[in-house]
Amino acid sequence: MHPLIVARVTRDPWPDRPTRALCDDRAVTLLTQPPTFTEPRSSALLLLGQGTDLASERGVECSGALPAASDPDLVERARAARAALGERAFVLGHHYQRDEVIDFADVTGDSFKLAREAAARPEAEFILFCGVHFMAESADILTSDAQQVVLPDLAAGCSMADMAAIDQVEDAWDVLVEAGIAEDTVPVTYMNSTAAIKAFTGRHGGTVCTSSNAQVALRWAFDRVGGVDGTGKVLFMPDQHLGRNTAVLQLGIPLDQCVVFDPRKPHGGLTVQQLRDARMILWRGHCSVHGRFSAQNLVDARAAVPDVTVLVHPECKHEVVTGADMVGSTEFIIKALDAAEPGSAWAIGTELNLVRRLAAAHPDKRISYLDDTVCFCSTMNRIDLPHLVWAMESLADGRTVNRIVVDADDAHWARVALDQMLALPGL
Ligand code: SF4
């Protein structure tokens with residue numbers, strides 16, 4: 001049997017976590033209706049990013065003419081521009097992108113995979129990054145100076161990454177210094193953070209992590225300050241949920257030794273004693289998509305489909321992850337569904353564009369969305385076909401638009417933190 005399915009049978013979201021952190025064999029309601037994939041209602045957010053209402057575009061304008069979304073020749077224009085660029089360009093598409101964009105991606109993946117794919121294409125003059133800002137920054141850091149990384153819409157940011165600004169993080173570090181614990185603290189930042197935060201992490205001897213390797217990264221960080229069973233600490237940024245879920249469920253750190261540092265409060269809203277007693281200092285950040293899923297969603301999913309397997313991303317809240325049957329990164333979710341038995345039922349807690357594509361790719365499986373309301377990543381959805389066409393046509397005309405450039409010092413130190421991650425075992 002595939003190991004992913006073993007995880008389902010044991011109802012252990014993370015099979016290698018300490019057993020005392022488990023497990024929830026709740027009763028489930030009998031199935032009354034066969035599940036089907038239900039298209040959530042559309043969101044006005046999907047109308048953004050098309051240049052028709054600049055008042056709602058948060059000051060982001062595209063130079064030149066942005067094609068209208070209603071242009072009947074849009075797909076043809078995209079094909080023509082892509083053909084004109086040929087091997088000079090490489091188009092990366094994050095899993096959460098719209099279908100219309102994914103159709104033109106040379107490769108799809110999560111943020112880490114895409115950064116590596118960009119680095120593996122030194123011959124490409126242009127890297128068109130259909131993702132969000134921090135991902136394009138990572139691609140710029142990992143590619144040569146001769147390559148240009150382009151983000152088709154500069155408003156495609158990440159609300160989670162934006163929750164940790166560099167001046168806030170530097171102030172927070174000063175608080176740790178004042179509390180006398182900075183020397184025993186290693187910073188670990190999630191891939192979903194700005195280049196400035198990655199650089200801060202590199203300067204202070206820490207590492208970047210992804211949702212796939214957070215356990216290894218945290219263990220490495222604790223080992224630098226006396227080990228998981230010692231007294232050293234990790235400052236984890238910016239996603240409190242990934243940090244908490246990994247520390248508690250995979251490393252066995254007690255929940256009450258995880259504290260949340262709120263940058264909007266004096267001293268993070270924590271006393272010196274709370275900081276000294278903590279093992280995990282979690283930045284108060286979260287993903288606006290994965291943070292929406294609730295424990296009630298799990299109850300509802302199981303009430304509707306008793307044999308459903310609930311599979312969620314580790315950016316979800318702790319109670320959602322502990323109540324799920326399986327948890328894993330975007331790539332893990334994709335592989336789990338590839339390996340699933342025909343006829344099996346799944347409720348997936350991650351971004352909707354991906355879940356829709358997975359449902360379409362696996363018509364023999366019953367795949368539903370864990371939430372009953374729309375849950376696209378609104379910033380990812382800023383990248384649409386008009387912006388991609390505009391970017392590609394501009395490049396083909398000899399104009400580089402929306403280039404993402406990380407300043408040299410930040411790029412150096414962010415690279416140190418990224419290289420540290422690449423040196424972790426198991427990557
Ligand atoms: S899904 Fe969440 S973490 Fe990913 S880009 Fe959107 S807001 Fe950021």
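View 1. H133 is buried because 21 other C-beta atoms lie within 10 Å; buried means 20 or more other C-beta atoms within 10 Å of a residue's own, exposed 12 or fewer, and partly exposed in between, with C-beta atoms placed from the backbone. The model is predicted, local features need pLDDT of at least 70, side-chain atom pairs count only at pLDDT 80 or more, and totals for chains, interfaces and linings use all residues. Residues are numbered from 1 along each chain as its sequence is written. H133 belongs to helix α5 (residues 133-142); helices (H or I, at least four residues) and strands (E, at least two) are DSSP runs numbered from the N terminus. Leaving aside neighbours within four places in sequence, H133 is in contact with L151, A156, G157 and C158, contact being C-beta atoms, placed from the backbone, within 7 Å.

**View 2. Shell around the ligand.** The ligand is surrounded by 13 residues, of which C158, M160, C287, V289 and C377 are the closest; a residue is near if its C-beta atom, placed from the backbone, lies within 6 Å. The shell has eight nonpolar, four polar and one charged residues, where Ala, Val, Leu, Ile, Met, Phe, Trp, Tyr, Cys and Pro count as nonpolar, Asp, Glu, Lys and Arg as charged, and the others, Gly among them, as polar.

**View 3. Packing of helices α7 and α8.** Helix α7 (residues 166-178) packs on helix α8 (residues 195-203) at about 25°, with axes 9 Å apart. Axes are lines fitted to C-alpha atoms, for helices over the stretch in contact, and angles run from 0 to 180 degrees between N-to-C directions. The angle makes α7 roughly parallel to α8 (under 35 degrees; over 145 is roughly antiparallel, 65 to 115 roughly perpendicular, the rest oblique). I166, V169 and E170 of α7 meet A196, I197 and F200 of α8.

**View 4. Crossing of helices α9 and α10.** The axes of α9 (residues 214-223) and α10 (residues 240-251) come within 10 Å and cross at roughly 80°, so the two helices are roughly perpendicular. A214, Q215, L218 and R219 in α9 meet L242, T246, A247, Q250 and L251 in α10. By class, five of these residues are nonpolar, three polar and one charged.

**View 5. Buried residues of helix α15.** L352, N353, L354, V355, L358 and A359 are buried in α15 (residues 352-361). Their cover includes α14 (330-339), β12 (345-349) and β13 (366-369).

Terms used: Contact = placed C-beta atoms within 7 Å.
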